[in-house]
Structures are given as C-alpha cells and as structure tokens.
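Let's walk through this one in questions and answers. Have a look at the chain first.

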Amino acid sequence: MRPRRAVVRTASALVAALALTVGLGGTAVAAHEAEAGAPATGTGPVTHEENDRVPEGSVWTQHYFPSSDRSGTRLHADVLLPEGLKRKERVPVIVSIGPYFAHAGQTGPEGWSRTGPSARFQDFIEGTDLFDQGYAFVMVDLRGFGGSTGCLDWGGPGEQADVRAAIDWAAKQPWSTGAVGMYGKSYDAVTGLIGNNLDQRALKAVVAQEPVWDMYQYIYSNGVPRPNVTGTADAYNSIASMPPMADDDPRYQEAARYEESHPECLTENSAGYRISDQRDEHWTSRDLARMARGSDTPLFVTQGFVENNTKPEEMEEYLDNHRGPERGWLGQWDHVRGGDRVGDGRLAMGRAGWYDETLAFYDQYLKGARPSVRYPAYAVEDSTGAWRAQRTWPVTERSVTVALGGGSYVDDGGASARAALTASGGPAPKAPPRPTGRWDMENAPATEQPAPAGLAAELAKRQRAGEAASSFFVWSKPLTRDTRVTGTPQVSLTARGQGNVMLKLYDVAPDGTAVMFDEQVSLVKSGRMSVDLKATDWTLAAGHVLAVEIGSIQTGSWRDTPSGETIEVSGAKLRLALDDPADDIATQGDRSPYLDTYLRQYTVSLPVGPGAFSLVPGGRS
C-alpha cells in the first residue's frame with residue numbers, strides 16, 4: 001500500500017467545480033449550499049469529516065442519468081472527486097459499474113448506521129492513493145440495483161446499454177478530462193469486458209479481475225446445468241430487492257424499491273437462467289467472448305486457472321478476439337483480487353505490486369504518461385508455482401492433435417463404480433451434494449468435493465478387466481522432458497447414445513499419484529461433437545504421464561441427469577497447445593497459497609496404463 005501523503009483540504013475548493021454537475025434534482029449544485037453545510041447524507045458535496053463513509057481525500061456527490069437504450073431506465077452514480085479540485089480543473093475518471101454498490105451493502109445489508117458510498121473498492125482507492133494521484137472514482141448501479149430503476153438484465157443488452165451510458169456520462173462531466181478507465185472484479189469485471197466490446201472512444205483502459213468471459217458458461221456447461229442454475233438468479237433478485245437506508249434521498253429510496261412495484265422484473269430475470277440452449281438469443285446476446293472480435297481497448301486481466309467460481313472458459317477466445325494492448329496476471333488461485341492477502345499475510349495471487357502496476361497502467365492510457373517500470377505483458381504462474389514473463393498468452397511452441405481411440409461407458413453418474421468400491425470393502429463414497437440457495441459471481445459456496453478415495457483406481461481396474469464402467473482412460477507414454485499444457489484443450493469424439501459426458505485430464509506420476517487439472521462436461525447426442533475444456537497452464541514433469549478420462553459425470557457438482565445408457569465412443573481426439581518450460585523467462589512472484597489447497601483436493605490414485613500416444617513440446621511426436 002502506498003503511504004498516504006498528508007493533505008489538508010476542504011470541500012469549499014471543490015464547490016465551484018461541482019456547481020456545474022447535475023445532481024439529484026437535475027439542477028446544479030450551488031456553491032452557497034455547500035458553504036452553508038451540505039447534508040452529510042444528501043447529494044450535495046460531502047467530505048470524510050462530515051460522513052466517515054466517504055473515503056479520506058475525496059468529496060462525495062450523487063447523480064442520476066438515463067441509460068442509453070431509451071427504455072426510461074434511470075441510473076444512479078456515486079461520484080468521488082479529489083478533495084480540493086479547483087474550478088475548471090479536470091481529472092481522468094475510473095468507473096466501476098455493477099450490482100454491488102448499494103448504500104446498504106454489497107450483497108446484503110451490512111449494518112451501516114448512515115448512508116454513504118460503497119466501500120467495495122476501498123482497497124483499490126487506498127492502495128493506489130487514487131485521489132492524490134489525480135483521479136475521480138465513479139460507482140454506477142446497474143439497472144435494478146441500488147439507486148437505479150429498471151429490470152435486471154444479467155450481462156444482456158440492457159446492462160450493455162447501462163455501461164455505454166455510464167462511460168459517456170463520465171466522459172462528459174465538467175470535472176472529467178474525457179478519459180475513462182474501468183475497474184472491477186467478478187461482476188464489475190464483466191461490465192469491464194462489456195465496455196471493451198462497445199468500442200467507445202472515451203474508454204481508454206479496462207482492468208478486469210476474475211471475470212466471466214461468456215455468461216452462458218457460468219450457468220450451463222454445454223447444456224448441463226451447473227449447481228448455481230437457480231442460485232445465481234435468486235442471489236441477484238435478493239440484492240436487487242435490498243431496502244435502502246433510512247436516510248437515503250427520496251429519489252434513491254424510490255428506485256431501490258422499484259421491484260416492489262415491478263415484480264415481473266424478478267420473474268423475468270429468473271426465467272432467463274432456465275434457458276439451456278446456448279444458441280438461444282438470450283445467450284448469444286451475452287456471448288462476450290464472441291462479441292470481443294476486433295475490440296482494441298487496452299485490457300488488464302487476472303484469471304485463476306483453478307478458479308472455483310468464475311472459471312477460465314472462453315478466456316482464450318476472448319483474448320484472441322481482442323486486438324488491443326494486453327496485460328495479464330494468470331495463475332493458480334481462486335476467486336481473489338490482485339491485492340488480496342490470505343490469513344497468514346501472504347498475497348493470495350503470490351505476486352507483489354498490484355496497485356502500483358494498475359496505477360501505471362491507467363497513467364499510461366488515461367494520462368499519456370510513459371511507464372517508469374517495464375512490466376511484462378503477461379505474468380503467469382504455472383502449476384509448479386513458478387512465475388514467468390511473456391509477451392502474450394498462451395505461448396505455444398507446438399499444437400498437437402493426438403488420437404485417443406474409443407471405448408464405452410455407462411452414463412450412471414458413477415453409481416456402478418461407487419457400488420464396486422463398497423463391495424470391495426472400501427467406505428461407501430457419497431454422491432456430490434446439490435447446493436441450494438444464493439450463489440452470485442462474488443460469493444460462491446464451496447461445492448467442489450474431493451474425489452472419492454479410490455474411485456479413479458477402481459474405474460481403471462474395471463477397464464483392465466474388460467468390464468463396462470462409468471468411464472474409461474487413455475494414457476500417454478511417459479514424457480521424456482518437462483512439458484507444459486497451455487491454452488484451451490479440446491476433445492472431439494463420435495458418440496452413439498444419449499446422456500452426459502465428463503472429460504478430465506490428469507497429471508500422473510510414476511507411482512500412480514495423479515492430479516486432475518482440467519475438466520469439462522457436456523450433454524451427449526449421437527454423432528460427432530467437440531468440447532473445449534477450461535483454459536489451463538499446467539507443467540507435466542519428465543517421466544509423468546498425461547491421462548484422459550472419458551465417462552459419466554461422477555464428481556463435481558453439476559445438476560446432471562444420468563441417462564443410464566451405454567455410450568459408445570469412437571474416433572476420439574485430443575487437441576493440445578504445448579510449450580517448453582526450458583524457455584521460460586522468470587519474473588517476480590511467489591507460489592499462490594491456493595495451489596496447495598487445490599493439489600490436496602484433486603490428487604487421487606490412478607495407476608499408469610498402457611501408453612497410447614506421445615507428447616513432445618517441439619519436433620515430432
């Protein structure tokens with residue numbers, strides 16, 4: 001965190017600039033009103049001394065403006081300007097747009113005694129010393145949330161119109177230089193991706209931590225419902241229905257209760273999540289990765305490859321479609337921010353300097369300042385915990401497609417394998433739980449359970465015996481040197497039968513200790529099909545084996561319905577992007593703490609089987 005420089009300022013120096021700004025009633029905030037003592041909960045200029053919810057060094061005002069889709073939706077913004085900003089002085093603006101900026105709390109009432117701006121990104125404000133560095137910070141409520149009217153439209157055309165309006169509004173204010181950046185994590189990182197896709201001239205840079213790259217993939221996996229298929233709708237309906245603070249201004253209170261007079265908003269929001277067809281217009285209008293084609297806003301992203309919430313699905317497609325400058329921190333962490341720390345004080349991502357690098361990114365693209373530090377375009381932590389610098393991601397030395405052949409499995413959800421384990425004297429493994437309740441992009445319950453002990457080994461044993469099982473495996477030959485699997489693996493196959501398929505990749509040591517490092521599921525219909533797995537960056541050591549499992553959905557927490565059919569698989573192929581770790585250029589960073597948690601949770605016993613293919617990062621396989 002940057003040490004805050006002592007600055008003695010008063011609100012009066014800011015009054016003239018704010019006098020030109022449209023506030024609650026649509027009229028200018030008059031200088032004499034501020035001098036007479038602006039209400040500490042109203043829309044006139046409010047300082048930290050008047051309301052301790054206002055960040056130090058800033059002045060808070062509230063504003064309302066229409067969305068850009070002519071729907072009549074009115075958006076609410078909390079604006080924080082540097083204290084002491086002079087008349088006609090202008091600053092670049094960082095905007096964050098999302099559902100978590102309600103005055104009462106981010107996802108529910110937080111027990112505040114008075115209204116005030118959200119503290120959601122207080123870490124960013126303090127870590128960058130934002131106001132002393134000459135920036136404004138604006139938090140905009142998406143339609144249906146906080147002080148904004150309108151019906152929820154999760155990542156859809158309505159929210160896209162809100163993002164467009166917020167960028168335009170921020171660029172045109174009398175205290176704005178016209179240069180706008182966006183900042184967020186999770187949902188308000190999604191709106192950053194939307195902002196990039198809109199290709200507005202005023203938007204100069206986007207910082208998006210742990211976003212969702214394609215809204216459909218957060219709710220369904222290729223037609224298979226995820227555990228949050230109902231919980232996410234319930235969560236955002238609840239956030240939208242949060243009551244206002246007692247001392248919020250009348251216009252804010254009316255907007256916060258919008259759902260009371262428009263109950264159809266909640267019903268329609270829930271209905272959208274129940275559409276399972278990825279080709280439906282509801283989802284194609286939210287396919288952010290596809291919509292990024294040709295976009296060029298400078299983009300700074302973070303993504304945990306082993307994320308338990310907003311997973312790296314369609315990330316590579318989004319980045320491939322993006323044509324502008326890119327910066328990224330990618331690694332083996334869960335749903336955290338760049339500056340977060342775990343309980344023992346270690347950085348959650350393992351890499352220091354988040355706030356300095358983020359500020360330098362904004363300074364370069366919003367102020368035109370030349371960076372004093374040369375940061376790598378991408379800093380990437382692989383599965384060994386080592387960090388490297390590279391010019392893009394993924395860096396691929398060789399793309400290979402290997403034949404996996406065929407086999408068969410019973411789509412029974414793993415019931416036969418669990419029964420066999422019990423019959424052999426092992427403890428009866430429990431089926432994964434079906435989560436209920438709220439699940440939003442910021443807070444996902446811990447639903448991923450460790451794989452039942454002995455399950456993978458039992459399946460391999462039954463395969464060797466020629467028995468029909470819940471899945472089958474294909475193994476590579478032992479690797480002759482360290483090899484990194486990067487990018488987005490893809491499995492294609494021809495299926496006969498209907499049901500579900502789960503695809504897994506394992507890093508198998510010579511002693512049979514195996515780590516499942518990538519997985520994906522899909523509905524199955526007879527015919528040819530291809531399934532993209534999650535993006536990954538996993539290094540297999542020399543002597544290890546890559547194992548591929550194809551079968552029924554036996555682990556995880558999907559809401560699948562096993563068909564009971566025997567699925568015949570033929571012509572299966574695995575497409576991989578490979579890189580040689582020997583070429584890595586090291587950069588600063590420590591092992592992210594979550595990596596060891598992941599390894600404990602996903603390490604299983606899987607004896608090595610006959611090698612069916614070879615993997616070599618360069619040359620011929």
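This is a predicted model: local features need pLDDT of at least 70, side-chain atom pairs count only at pLDDT 80 or more; totals for chains, interfaces and linings use all residues.

Residues are numbered from 1 along each chain as its sequence is written, and side-chain values use heavy atoms, with hydrogens and water left out.

Q: Is Arg-351 buried or exposed?
A: Arg-351 sits in the loop between β11 (326–331) and α14 (354–367); helices (H or I, at least four residues) and strands (E, at least two) are DSSP runs, numbered from the N terminus. Buried means under 20% relative accessible area, exposed over 50%, and partly exposed in between (1.4 Å probe, protein chains only). Arg-351 has a relative accessible area of 3%, so it is buried.

Q: Which side chain makes a polar contact with the side chain of Arg-351?
A: A polar contact is a pair of N or O atoms within 3.5 Å; within protein, one must be able to donate a hydrogen and the other to accept it, and residues adjacent in sequence count only if both atoms are side-chain atoms. At 3.3 Å, the partner of Arg-351 is Thr-587.

Q: Which strands stand at the edges of the open sheet of six strands?
A: The order is β24-β18-β17-β21-β15-β25, with mixed pairing. Two strands pair if DSSP finds at least two bridges between them. Two of the strands each have a single partner strand, so one side of each is left without a neighbour in the sheet: β24 (603–605) and β25 (611–613).

Q: How many bridges join β17 to β18?
A: Strands β17 (residues 499–508) and β18 (residues 513–524) run antiparallel. Leu-505 stands opposite Asp-518 in β18. The number of bridges joining β17 to β18 is ten.

Q: Is Phe-473 buried or exposed?
A: Phe-473 lies in strand β15. Contact means heavy atoms within 4.5 Å, and beyond its neighbours within four places in sequence, Phe-473 is in contact with residues including Ala-456, Tyr-506 and Leu-606. Its relative accessibility is 2%, so Phe-473 counts as buried.
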